[in-house]
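These are my notebook entries on a single structure. I set down what I looked up, one topic at a time.

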Amino acid sequence: MPPAQQVPPTQQTPTAIDDAQPVESAHFCPQCGSMLEANASFCQNCGAPVSHQ
């Protein structure tokens, strides 16, 4: 097997981390732990009210 070819740092392909955009973190119901939709006022699983902080 031939040795892996080294790529000079100036020609490296950017990784997903380099191009990362701010992503809203997932929110979970404090009552049952189900994933909540963005800006949900109530949990779709158990109906618990959700506060947004």
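I began with Ala48, setting aside its neighbours within four places in sequence; the residues in contact with Ala48 are then Cys29, Gln31, Ser41, Phe42 and Cys43. I note that the model is a predicted one.

I next looked up the largest nonpolar core. Ala48 belongs to this core of five residues, together with Cys29, Leu36, Cys43 and Val50.

I then turned to the cysteines. How many disulfides does the structure hold? I found zero. Cys32 takes part in no disulfide, and its nearest cysteine sulfur, that of Cys43, lies 3.7 Å away. For Cys46, the closest cysteine sulfur is in Cys29, also at 3.7 Å, which is too far for a bond, because a disulfide requires sulfur atoms within 2.5 Å. I recorded relative accessibility for both: Cys32 is partly exposed at 35%, and Cys46 is partly exposed at 37%.

I went on to the segment after β2, where Gln44 is found. Is Gln44 buried or exposed? Its relative accessible area is 66%, so I list Gln44 as exposed. The side chain of Gln44 makes a polar contact of 3.2 Å with that of Glu37.

Asn39 is not a glycine, yet I read a positive phi of about 60° for it. Most residues other than glycine have a negative phi. Asn39 counts as exposed, with 65% relative accessibility.

Key: Residues are numbered from 1 along each chain as its sequence is written. This is a predicted model: local features need pLDDT of at least 70, side-chain atom pairs count only at pLDDT 80 or more; totals for chains, interfaces and linings use all residues. Side-chain values use heavy atoms; hydrogens and water are left out. Buried means under 20% relative accessible area, exposed over 50%, partly exposed in between (1.4 Å probe, protein chains only). A nonpolar core is a set of buried Ala, Val, Leu, Ile, Met, Phe, Trp, Tyr and Cys residues joined through side-chain atoms within 4.5 Å. Contact means heavy atoms within 4.5 Å. Helices (H or I, at least four residues) and strands (E, at least two) are DSSP runs, numbered from the N terminus. A polar contact is a pair of N or O atoms within 3.5 Å; within protein, one must be able to donate a hydrogen and the other to accept it, and residues adjacent in sequence count only if both atoms are side-chain atoms.
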